[in-house]
Amino acid sequence: DRRPAVQAYIAARTEGEQRTTALAAIGSSFGLGTIIGPAVAPLFIFPPLGLSAPLVVFAGIGLAVLAAVIYRLPDDTPRG
């Protein structure tokens, strides 16, 4: 589960009401992903890969998100 790491990052980068809003958004995004992922998976089944195609597509999406995180997410430097 990645939630503790995401919540710790948000806690380190936000303050007060902004933190509450950000944590609520993260919680809802995890819930939405749990619902939408299985709902759209059948749409990714195509002939060359068959039933394993959704796994390949979601892995590709994960790699795209990883690249975005590496290049766009600011470094987590402690506040002093």
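**Exercise 1. Describe how α1 and α2 pack against each other in this predicted model.**

Solution. Begin with the residues that touch: from α1 these are Arg3, Val6, Gln7, Ile10 and Ala11, and they meet Arg19, Ala22, Leu23, Ile26 and Phe30 of α2. Sorting the residues of this contact by class gives 7 nonpolar, 1 polar and 2 charged.

Next, turn to the geometry, for which two packed helices are described by the angle between their axes and the distance between the axes. The axes of α1 and α2 come within 10 Å and cross at roughly 160 degrees. Because angles over 145 degrees count as roughly antiparallel, α1 is roughly antiparallel to α2. Finally, the handedness: α1 passes α2 in a right-handed crossing.

**Exercise 2. Work out which parts of the chain line the largest pocket, and what classes of residue the lining holds.**

Solution. Start with the extent of the largest pocket, whose volume is about 620 Å³ and whose lining consists of 18 residues. Those that lie nearest its centre are Arg2, Val6, Phe30, Val65 and Val69.

Then assign the lining to helices: α1 (3-13), α2 (16-40) and α3 (53-72) each supply at least two residues, and the largest share, 8 residues, comes from α3. By class, the lining of the largest pocket divides into 11 nonpolar, 4 polar and 3 charged residues.

Terms used: Residues numbered from 1 in each chain as written. Predicted model: local features only at pLDDT ≥ 70, side-chain atom pairs only at ≥ 80, totals over all residues. Heavy atoms only, no water. 1 Å grid on protein atoms, 1.4 Å probe; cavity = no way out; pocket = protein on both sides within 12 Å on 5 of 7 lines; lining within 4 Å. Points joined across faces, edges and corners; volume = space filled by probe spheres on them. Helix = DSSP H or I, 4+ residues; strand = E, 2+ residues; numbered from the N terminus. Nonpolar A, V, L, I, M, F, W, Y, C, P; charged D, E, K, R; others polar. Axes fitted to C-alpha atoms, helices over the stretch in contact; angles between N-to-C directions. Parallel < 35°, antiparallel > 145°, perpendicular 65-115°, else oblique. Left-handed = near helix turned anticlockwise from the far one by under 90°. Contact = heavy atoms within 4.5 Å.
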